[in-house]
Structure formats: C-alpha cells, structure tokens
Amino acid sequence: MRIRTDDEVYRVDAVWLGPPKATFPWRARYVAWLVGIPVFLLVLTAERWAGWSFGFFSTAWAFVATIVITRLITAKISHERPLGAVAAMAAKELNTPRERTTGTGGAASASRVRVRASRPLPKHRRRRQYQHHGYGGGAGAQGTPRARRSRPAARAGR
C-alpha cells in the first residue's frame, strides 16, 4: 500500500506570467517580484553612488545584477522557509557578535606604577594590628584608627 503525501500541493509555485493576453516569456514567482523590485532600486542607487551616469548600459547592467541577486535570494525561499524567515535569519547573521581576532591595548609600560619606600601590609593584618597593638600616643596620633560614629538613637535599639 502506498501512502501519498501532500507535497505536490506545496510544490506549485505562485507564479505571475504577466498581464492577460500579453504574458512574459519567463516564469517568475510572486516572491521573486517582491524581492527583485527593491533589489533593482538598491542596485541603481549603488551605481549612482559609484559615479556611473544614468544610461542604457548602466541600467542594463543593473538589470543583470538584479536578476543574479534575486535568484541567489529566492533560491533560499520555499514553502517551508518563507521570505520572512529568510530575512530574519539574514538579519540575525549580520548582527551576531563576532570573535575578535586582534588584541586590544598596546605595549605595557611601568611609567604609571607607584613605588613606595615601605611595603604596605595586607588589609587583614592592618586591622589586627590596630586592635591588638594600640599605637600608644594620644588622640590623633599617627597610625591610630579613626573612632566610629555613634549610631542615631532611633536605630540603636535594632
């Protein structure tokens, strides 16, 4: 027993053959027209930016370039992958972050390194030193820690 799929239904392309009683000599899907017309305008704009003057041959080359670009784009479009999905995929591909191949920064220099005569103590040793070995002297003697501020009366009970 053979099971038939519905693939034939989807293989039929929506094709516009041209105006009635004056059909085009080629078959073009609707999506090809939808893609081709903006591509043609973009190619013409690129030609003007490049400095080519508007004429028969420049327009003919724009038409040839449009056909090639449109065929490349519509080769990716089918009933399973519509134009919107292809456009979204292209946008994601172009905006995806890339791996950086060049390093950042320049040559290292020691010109900004501060050098002190005495070696600083680690933070945990400094705290212990203040607690266990009170630096003698009176109030304000160098090396003594500052007194903590007292808490406000409202928060003291917490």
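Helices here are DSSP runs of H or I with at least four residues, strands are runs of E with at least two, and both are numbered from the N terminus. By that rule the chain has six helices and two strands, arranged along the sequence as α-β-β-α-α-α-α-α. The model is predicted, so local features need pLDDT of at least 70 and side-chain atom pairs count only at pLDDT 80 or more, while totals for chains, interfaces and linings use all residues. Residues are numbered from 1 along each chain as its sequence is written, and side-chain values use heavy atoms, with hydrogens and water left out.

Burial comes next. A residue is called buried under 20% relative accessible area, exposed over 50%, and partly exposed in between, with a 1.4 Å probe and protein chains only. Of the chain's 158 residues, 11% count as buried. Accessible areas are from the Shrake-Rupley method with a 1.4 Å probe, and for residues only the protein chains shown count as cover. The chain exposes about 15000 Å², of which carbon and sulfur atoms supply 58%.

A nonpolar core is a set of buried Ala, Val, Leu, Ile, Met, Phe, Trp, Tyr and Cys residues joined through side-chain atoms within 4.5 Å. The largest one has eight residues: Val31, Val35, Val39, Val43, Leu44, Ala62, Ile77 and Val86. Helix α2 provides the largest share of this core, five residues. In soluble globular proteins, nonpolar side chains tend to be buried together.

Contact means heavy atoms within 4.5 Å. Thr70 lies in helix α3 and is buried because its relative accessibility is 9%. Not counting residues up to four places away in sequence, Thr70 touches Ala32, Val35, Gly36 and Val39. The C-alpha atoms of Thr70 and Trp33 are 8.7 Å apart, although 37 residues separate the two along the chain. For the chain as a whole, among contacts between residues at least 6 apart in sequence, 33% join residues at least 24 apart.

Aromatic rings give another view of the packing. Rings of Phe, Tyr and Trp (its six-membered ring) pair if their centres lie within 6.5 Å; planes under 30 degrees apart count as stacked, over 60 as edge-to-face and the rest as tilted. The whole structure contains two such pairs. Phe40 and Phe63 have ring centres 6.4 Å apart and planes at 80°, so this pair is edge-to-face. Because Phe40 lies in helix α2 (residues 30-50) and Phe63 in helix α3, the pair ties together parts that are 23 residues apart in sequence. Phe40 is partly exposed, with 23% relative accessibility, and Phe63 is partly exposed at 47%. Phe56 and Phe57 make the other edge-to-face pair, with 5.2 Å centre to centre and 80° between the planes. Both Phe56 and Phe57 are exposed.

Phe56 and Phe57 also belong to a nonpolar patch on the surface, together with Trp52, Trp61, Val64, Val68 and Leu72, and the patch has about 870 Å² of accessible area. Patches are made of residues with over 30% relative accessible area and no salt bridge, where like charges are joined within 9 Å and nonpolar side chains (Val, Leu, Ile, Met, Phe, Trp, Tyr) within 5 Å. Val64 sits in helix α3 (residues 56-74) and counts as partly exposed because its relative accessibility is 41%.

A salt bridge is a side-chain nitrogen of Lys or Arg within 4 Å of a carboxyl oxygen of Asp or Glu. The structure holds two of them. Arg48 and Glu47 form one, at 3.4 Å from N to O. Arg48 is partly exposed at 30% relative accessibility, whereas Glu47 is buried at 6%. Glu93 and Arg98 form a salt bridge whose closest N and O atoms are 3.7 Å apart. Here Glu93 is partly exposed, with a relative accessible area of 49%, and Arg98 is exposed at 52%.
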